[in-house]
Amino acid sequence: MTVEPLVLGALERTTETDVIIIGGGATGAGLARDCSRRGIKCVLFERGDLATGATGRNHGLLHSGARYAVTDRDSAKECIEENYILRKIARHCVDETDGLFITLPEDDLEYQKNFIKACQDAGIAAEALEPKDAKELEPSANPSLIGAVKVPDGVIDPFRLTVANMLDAVKHGAKCYTYHEVMAILKEGARVVGVRVLDKLSKEEYEVRAQVVVNASGIWGTLIGSLAGVDIKMFPTRGTLLIMGHRINQLVINRCRKPADADILVPGDTVCLIGTTSIPIKFSQLDTTRVSYQEVELLITEGAKLCPKLTTARKIRCYAGSRPLVADEADTTGRKTSRHLVLMDHEKRDGLSGFITITGGKLITYRLMAEKATDLICEKLKLKVPCDTATAVLPGSGESPDKILRKVAPLAPTVRAAIVSRHGDLAPLVESDTPSASSLVCECELVSVGEIKHAIESLAVHNLVDLRRRVRIGMGPCQGELCVGRATGLMTAAKLCTPDKAPGELASFLEERWKGIYPLNWGETIRESEFVMWLYQSICGLTRADSPNPAPPEHLEDEAPTESP
Ligand SMILES: Cc1cc2nc3c(=O)[nH]c(=O)nc-3n(C[C@H](O)[C@H](O)[C@H](O)COP(=O)(O)OP(=O)(O)OC[C@H]3O[C@@H](n4cnc5c(N)ncnc54)[C@H](O)[C@@H]3O)c2cc1C
């Protein structure tokens, strides 16, 4: 079995292609996959790493659509259809947990009846449970619940999903350039003919021409639109999520009411997370979203109503992302804006040919978004090739985990299971038959030396943070206490960084983690971060000056919480 490596940004450049895709989130990667599988030459430019936008900053909820059934039927239907497709084509990215929508004494039990009816109308299986059965099924749910409905919610790993799509795209001829920012859209009269990109690693700019340019840049779609001279009204809202130090719940727990703050608790790998808030922000704040203590308090207080254990569970980190909502200025929170996908043919809309925008939607509808956009591209290129992405299985999802486990036999059972869950049927590519390759780098997430080498060699890794997205290093309960130092050694051995740059690389990673830790730095969390600081400062001699991008000190101005929530 062979896996094509993702093309690293600094390798050979393309100057001409059929389609340019701007944005390496799930939508852009799905689009690259769909185009290349239909024989269309395409190039994807992502200004950072893959999945650094909303794709890497969400709950990872494989929506059944139930959340939108009452308020947004079209989105609910899209979700349930894509939910079942993703279970088949992306099974190594999906955890089929099921979900519960619980009603608490302060909620209206009548809403549950409307909810079940709306789910059924949208084609979502929704089963009402007796409270005692619900508590038996999910013992961590609030024991005072008065009603519960089971739905086919699940969990999806957005990093794995995006990489799997990109691997398939590259296998079918697409080119992927991460750390390439589109700086200008090239136009000739009323036609878009290409883009000017900045290679952020070599600091060089160059032009690439194409017949169609697709804006798949999520919430940044407005800014890309303005580069082309078209007005795309979007509405940035920040959603904040909080991660607990262990996996408390096995099923997704939702509140059975209209979507509101902190009403989804999602289990994921070794942890679980509660979200989210919905706060309007400015476009200028998109790249500097910081989380306030108040948001963290709100997530804990509201989250504990779903699952009381959240109050005492160790919190390890928070993060925030901005949804790609197409604007409805009357909606001040973003809660009422439809999650339906939006496809804009700028030739019809603005008289500008060769330019398409695909945005809105959800992570779970990325494939459908890609299909609709590729259908339009085919129309423009006068091609008639059907889409096969709803049935063609993604790299990694071909064989069942049981069969794959036998192929990585030399590893310890728990490490084997972790590697198979991350790479699916590509796990045999991870070197595992020597003592050094099978030794552990990250104890929390069970990442081996062999797995890190595989990611460095094949999965377009440029730095430690990219590595974290590929193999979950530093994502577990200790947030990179020992593993990151070891991983830096492996990156240096692979010549991805030089020994003199290694301290800066390490410091950058820790700064990145710190941004998500400081808003909740009390109790157990402060003890853990003190220990990490002691370890890296006292033993490794790292100083703040080693970090090329120290976190801004602005948080010092925030009001600290008066007591530990
Ligand atoms: C808090 C929160 C929770 C959510 N929860 C869920 C959930 O549980 N389930 C679900 O299905 N959906 C969820 N969503 C929605 C989901 O995350 C998004 O709909 C989806 O990830 C959007 O993917 P995308 O590829 O369209 O956009 P993005 O992932 O944002 O990708 C756009 C990319 O474009 C890149 N880019 C921008 N400008 C340029 C440029 N000039 N040059 C090159 N690249 C550029 C960005 O760096 C970015 O990587 C949630 C969203 C948020 C914010």
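## Basis

Two strands count as paired if DSSP finds at least two bridges between them. The model is predicted.

## Strand 16 and its partners

Strand 16 (residues 271-275) pairs with strand 15 (residues 264-268) in the antiparallel sense, over five bridges. Within this pairing, Val266 has Leu273 of strand 16 as its bridge partner. The hairpin formed by strand 15 and strand 16 has two residues between the strands, and Asp269 takes a positive phi near 50° there.

Strand 13 (residues 237-244) also pairs with strand 16 in the antiparallel sense, here over four bridges. Leu241 stands opposite Gly275 of strand 16.

## Burial of strand 16

Side by side along strand 16, Val271, Leu273 and Gly275 point one way, while Cys272 and Ile274 point the other way; all are buried. With five of its five residues buried, strand 16 is therefore largely enclosed by the rest of the structure.

## Helix 14 against helix 15

The axes of helix 14 (residues 449-458) and helix 15 (residues 464-471) come within 10 Å and cross at roughly 115°. Angles of 65 to 115 degrees count as roughly perpendicular, so helix 14 and helix 15 are roughly perpendicular to each other. The crossing of helix 14 past helix 15 is right-handed.

Helix 14 contributes Glu451, Ile452 and Ala455 to the contact, and helix 15 contributes Leu467, Arg470 and Val471. By class, four residues in the contact of helix 14 with helix 15 are nonpolar, two are charged and none is polar.

Terms used. Residues numbered from 1 in each chain as written. Predicted model: local features only at pLDDT ≥ 70, side-chain atom pairs only at ≥ 80, totals over all residues. Axes fitted to C-alpha atoms, helices over the stretch in contact; angles between N-to-C directions. Parallel < 35°, antiparallel > 145°, perpendicular 65-115°, else oblique. Left-handed = near helix turned anticlockwise from the far one by under 90°. Contact = placed C-beta atoms within 7 Å. Nonpolar A, V, L, I, M, F, W, Y, C, P; charged D, E, K, R; others polar. Buried ≥ 20, exposed ≤ 12 C-beta atoms within 10 Å, placed from the backbone.
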